[in-house]
Amino acid sequence: MTRDLTIAEVRLTPILVADPPLLNTQGVHQPYTPRLIVEIVTADGTTGLGETYGDTKYLELARPLADRLTGRSVMDVNGLFGIDLAVDATRVEGQADAGGLRGVQTADKLRLSVLSAFEVACLDAQGRALGLPVHALLGGKVRDAVEYSAYLFYKWDRHPAGVRAEPDEWGAALDPAGVVEQARRLQERYGFGSFKLKGGVFPPDEEIAAVRALAAAFPGHPLRLDPNGAWSVETSLKVAAELGDVLEYLEDPALGTPAMAQVAARTEVPLATNMCVTTFGEIKEAFTKDAVQVVLSDHHYWGGLRNTQHLAALCAAFGVGVSMHSNTHLGISLAAMTQVAATVPNLHHACDSHYPWQSEDVLTERIAFDGGRVAVSDAPGLGVELDRDELARLHRRWAEDDGSLRDRDDAAAMRTAEPDWRTPAMPRW
Ligand SMILES: O=C([O-])C(=O)C[C@H](O)[C@@H](O)C(=O)[O-]
Ligand SMILES: [Mg+2]
């Protein structure tokens with residue numbers, strides 16, 4: 001049968017998704033976080049799914065892009081990246097990312113963060129039309145399952161009083177015992193074999209104690225600590241010296257490539273990043289200064305699944321490890337991460353995943369972790385199906401919001417509990 005893979009319709013659905021009160025160095029997660037779901041429909045009725053950030057600046061770019069896609073072929077992914085999108089640079093340049101902790105903000109990174117959802121949707125549609133999984137379109141899988149690590153957070157047991165939120169079954173984790181208890185529950189439920197603690201929340205000695213407690217509770221399991229650049233070079237070196245025997249890597253201990261290079265020069269502990277290398281333009285300086293030993297790729301802001309493969313190839317050429325970053329996302333993105341991760345030969349670290357923190361999803365079936373791994377689907381496309389009722393419900397929540405939650409802002413969320421809170425100056429310690 002000849003199929004007509006001309007794009008006939010693009011549907012954009014902004015949603016608000018429940019998020020627990022997870023703490024990071026900027027503040028706390030809002031009770032609901034914005035995401036954008038992209039559906040690309042072809043003339044013969046095939047639909048491909050994609051997902052990305054749903055904050056206003058992404059929506060503003062996604063809408064004109066969607067308008068320009070109809071009439072193009074869903075096979076023309078190179079052409080998609082060639083579309084001349086006018087990005088309002090004042091939206092990003094020189095501005096702090098209020099909730100993202102994802103490094104530099106540039107107009108091109110914003111453009112790629114939007115295009116990535118459309119690329120994934122095109123690949124999903126291609127796969128469905130051809131009866132092939134996305135990994136086959138990317139050259140084929142080199143593994144049958146992708147390993148993920150448990151993503152531990154300091155957290156409150158609930159959002160501040162008076163704030164509308166969904167119930168949260170995980171309880172508080174504000175000290176070493178709480179962190180170990182959270183790790184145990186995540187391991188029991190999902191089988192994770194490695195653990196990452198989001199740091200930069202408490203003074204470093206408290207976070208060192210938490211990692212020590214994890215090492216005692218889970219001997220031999222890989223551990224990571226990520227303060228999102230909250231420490232000075234000297235503090236980073238002190239933490240590296242104290243935890244060097246148990247850490248798989250330290251993630252973004254200090255902010256920016258020069259500081260990371262200074263830390264890397266004086267410790268044997270590998271440094272990972274999803275903050276100082278988040279664009280192709282940052283690679284040369286970081287790799288030639290040997291500032292990072294592992295790059296945590298994120299297909300959203302690197303510009304999709306094929307760019308993730310390009311990044312992995314560059315990492316291989318420089319002897320730099322590769323893994324994956326994650327922040328609040330749903331199953332479409334987890335499926336996309338898993339499909340591309342399956343094709344990356346030099347992926348030797350378990351990927352991050354926020355997914356266990358997301359009690360809501362827009363899929364008919366949640367993606368399962370078995371022994372900390374997600375099986376690589378061989379079904380056509382991403383191998384996931386949209387739950388339209390859930391999508392509509394989460395979109396209603398977005399539509400009914402007065403605008404205060406449509407842009408993620410962890411510092412603003414923190415002010416509902418601590419009115420004087422300001423995003424801390426870095427380095428914080
Ligand atoms: O550095 C990281 O791993 C992240 O940026 C992940 C998330 O943004 C996380 O820190 C968060 O959502 O609080
Ligand atoms: Mg990080």
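This is a predicted model: local features need pLDDT of at least 70, side-chain atom pairs count only at pLDDT 80 or more; totals for chains, interfaces and linings use all residues.
Visitor: How is the protein chain divided into domains?

Guide: The domain assignment gives two entries. Domain 1 covers 7-135 + 387-401, and domain 2 covers 139-375. Their centres, taken over C-alpha atoms, are 22 Å apart.

Visitor: What makes you say that domain 1 and domain 2 are in contact?

Guide: Two residues are in contact if their C-beta atoms, placed from the backbone, lie within 7 Å. By that test, 38 residues of domain 1 are in contact with 48 residues of domain 2. Several elements supply at least two residues each on the domain 1 side, among them strand E1 (7-18), strand E4 (32-42) and helix H13 (388-400). Helix H3 gives the most, with 8 residues. That side of domain 1 divides into 20 nonpolar, 10 polar and 8 charged residues.

Visitor: Why is ligand 1 said to lie between the domains?

Guide: Domain 1 and domain 2 both give residues to the shell around ligand 1, so the ligand lies between them.

Visitor: Which residues of that shell are closest to ligand 1?

Guide: The shell has 12 residues, and the closest are Asn24, Leu101, Asn228, Asn274 and Asn327. By type, the shell holds 2 nonpolar, 7 polar and 3 charged residues.

Visitor: What makes E7 and E13 the edge strands of their sheet?

Guide: The sheet is open and has 7 strands, in the order E7-E8-E9-E10-E11-E12-E13. Strand E7 (150-153) and strand E13 (321-324) each pair on one side only, and that makes them the edges. Neighbouring strands of this sheet are turned by 25° against each other on average, direction ignored.

Visitor: How do you know that E9 and E10 pair?

Guide: Two strands pair if DSSP finds at least two bridges between them. Strand E9 (residues 223-226) and strand E10 (residues 247-251) have 3 bridges, in the parallel sense. So the pair passes the test. Arg224, for one, has Tyr249 in E10 as its bridge partner.

Visitor: Which helices lie on this sheet, and at what angles?

Guide: Helix H6 (residues 204-217) lies across strand E8 (195-198) and E9, running at about 165° to E9. Helix H11 (residues 305-318) also packs on the sheet, touching strand E12 (294-297) and E13. The direction of H11 makes about 180° with that of E12.

Visitor: What describes the packing of H7 and H8?

Guide: Two packed helices are described by the angle between their axes and the distance between the axes. For helix H7 (residues 233-243) and helix H8 (residues 257-265), the angle is about 40° and the axes are 9 Å apart. The crossing is right-handed. Val233, Ser236 and Leu237 of H7 meet Ala259, Gln262 and Val263 of H8. These contact residues divide into 4 nonpolar, 2 polar and no charged.

Visitor: How do you know that the peptide bond from Met426 to Pro427 is cis?

Guide: Its omega is near -5°, and the bond is cis. Most peptide bonds are trans. Pro427 is found in the segment after helix H14 (410-415).

Key: Residues are numbered from 1 along each chain as its sequence is written. Chains are lettered from A and ligands numbered from 1 in the order in which they are written. A residue is near a molecule or strand if its C-beta atom, placed from the backbone, lies within 6 Å of it. Ala, Val, Leu, Ile, Met, Phe, Trp, Tyr, Cys and Pro count as nonpolar, Asp, Glu, Lys and Arg as charged, and the others, Gly among them, as polar. Domain bounds come from an automatic or database domain assignment. Helices (H or I, at least four residues) and strands (E, at least two) are DSSP runs, numbered from the N terminus. Axes are lines fitted to C-alpha atoms, for helices over the stretch in contact, and angles run from 0 to 180 degrees between N-to-C directions. A crossing is left-handed if the near helix is turned anticlockwise from the far one by less than a right angle, and right-handed if clockwise.
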